[in-house]
Amino acid sequence: MRWIRPLAAGGHPAVVGAKAHGLSVLARLGLPVPPGFVLTTDLHRAVRATGRLPRSLPGELATALDALPGRAGTGPVAVRSGAVVSMPGMLATVLDVRGADAVLGAIAHVLASWDAPRARTYRRLHDVPDDAGTAVVVQAMVAGDRDERSASGVAFSRDPVTGAPVPYGEVAFRAPGVAVVSGTGTTRPLTELATRNAAAWAELLAALRLVERHHRDVCHVEFTIESGRLWLLQVRRGGVAASAAARIAVGLAEDGILSRTEAVGRVDLAGPAVALRLGAGVPVLTRGTGAAPGLAAGRAALTADDAVRLAGHGPVILVRPTTSPADLHGLAAASGVVTFRGGPTSHAAVVARAMGKPAVVGATETTVREGAEITIDGTTGIVAAGVHCGVTPGDDPALKLLRQWSTYGLAEN
Amino acid sequence: MVRTSESVLHALRCVGAAGTDTIAEAVGTSPAEAGSALIDLAVDGLVTFERGPFGGWRITAPGQAADDRAVARELDTLGARDLVTTAYQGFLELNPELLDLCTAWQLRTAEPDRIVAAFTDLHGRCAVCLGPLAPVLPRFERHRGGLEHALSRARAGETGYLADRLDSYHTRWFRLHEDFLVTLGRPRH
């Protein structure tokens, strides 16, 4: 085959893309990956050069689909992009595709998404060559919404915000993966999986430990549980907040995954001073994504007008589902903002940064009471009950430990 | 909109709390005329004026309802619903790219010159998207003009006009987004 490779065969990320490369590593580690194959970046370059799919592709595709175990080319497949460099949320995915013609159409659609204006602008800003191209991963569809014993989620091998050595993530029960990745579904803390499906939970924890040891770094996976059976759909290294780096490095050293010297080398010990953060042990009300750094405490105001009114009596945090221009005066009056929808590139995040106010966006829990005292950490995305002082990153015990390892020659363990 | 008071009410809706001058600019009229219209709207209970550091004119709940009715009536009278829907679809494709650019600017994740160039390129496509609305709904032409003004200030070196000020390209874009949502009667997601 000229354009297609079995997923398990792997290959250089420049040829098969980062996603297929990661999946082939998972498969070699013996972890459950839905059967599939990858169309290489060579195909994409050929398509961009000639303006059409090669004549030999339909034949190769039919053969590859027929070879999928247990599906015989008839079951639904997922068609996903797989660029060499991650371009988050910019390239297309087509799920639940049936029939060779439809799969061919989905492949063309995914390839065309590479040349969408937003993707082109992203590449121009970040020095990614236009002709690098994307691979396309085709896998047997696994359905996280099939039945009561199905779910989809994202799991980090360590807490991506605090760096604590416990798995962290989100799971949506009886929901397709897109509900978790796009943030549109109702997700629950990952740990709820332990009570809902103990076997899949244990298998997931074992998989996280395995990929962490293999990559020698914190990792996160996207997973789907179909009728009780765990499948891994993606693995990536890192993806954690800068605030977690020191504790993760120490944790990896303590677990024998890194040497102390390597752990010291993972963290910028002389890095620039960054914003104040919440210390450990605060009562966490909810977590979202830190979108504008800094710490702010005050009474929660649920409308912009209330924020202005309450601000006359003390500091206020504006808490909104999302923001519109009608909230701007409330944001101006508030010391910080929390939203329940939107990510780090939402209007709310852009405006908060413009005003220099800490912001937490996409917070998962929506039960912040009007007038309650809360503290928000715009670096880590933590919203805590009560008023708390911050710590500077220099006070971080993990960072202190790394400095000691570095300074006193204790790094050679 | 034919009547100044309706235009003023709608501009306040899209801008959020604001002073008279900001509304006058958004409507394309003099501060005196905008101020007079705002006082009339306040008498009717459609807007209020709050004093204090975060004060200004604000639209009331009855004001929002009146604006919803006026905007919908205008759209039907002009037969422009399809035209606005098409433009809005184009806008929605540009919106994530604009937010990418604002974030790249604020977090300094790419070279400043490249980001300004990308804003300029995006603005060209935005102008194309809004173009068909100009002869039918002049306020969209004013949105375009406001965006262009912010962009030209940024290109002249006042880069705070990209996303760091309250009269920045982003703020004007945010208002344009609100105008589309209100005009088509859609919720913000």
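Entry 1, the helix pair in chain B. A reminder to myself before I start: this is a predicted model. I listed the contacts between helix 1 and helix 2 of chain B. From helix 1 of chain B come S7(B), V8(B), A11(B), L12(B) and V15(B), and they meet T22(B), I23(B), A26(B) and V27(B) of helix 2 of chain B. Sorting the residues of this contact, I got seven nonpolar, two polar and no charged.

Entry 2, the geometry of that pair. I looked up two values, because packed helices are described by the angle and the distance between their axes. The axes of helix 1 (residues 4-15) and helix 2 (residues 20-27) of chain B come within 9 Å and cross at roughly 110°. An angle from 65 to 115 degrees counts as roughly perpendicular, so helix 1 and helix 2 of chain B are roughly perpendicular to each other. I also noted the hand of the crossing of these two chain B helices, which is right-handed.

In what order do the five strands of the open sheet in chain A run? I read 8-7-6-9-10, with antiparallel pairing. Strand 8 (188-189) and strand 10 (229-237) of chain A each have a single partner strand, so they stand at the edges with one side lacking a neighbour in the sheet.

Strand 6 (residues 151-156) and strand 9 (residues 219-226) of chain A run antiparallel and are joined by six bridges. I picked out A155(A), whose bridge partner in strand 9 of chain A is V221(A).

Helix 8 (residues 198-215) of chain A lies across strands 6, 9 and 10 of chain A, and runs at about 150° to strand 9 of chain A.

Methods: Residues numbered from 1 in each chain as written. Chains lettered and ligands numbered in written order. Predicted model: local features only at pLDDT ≥ 70, side-chain atom pairs only at ≥ 80, totals over all residues. Pairing = 2+ DSSP bridges. Helix = DSSP H or I, 4+ residues; strand = E, 2+ residues; numbered from the N terminus. Contact = placed C-beta atoms within 7 Å. Axes fitted to C-alpha atoms, helices over the stretch in contact; angles between N-to-C directions. Parallel < 35°, antiparallel > 145°, perpendicular 65-115°, else oblique. Left-handed = near helix turned anticlockwise from the far one by under 90°. Nonpolar A, V, L, I, M, F, W, Y, C, P; charged D, E, K, R; others polar.
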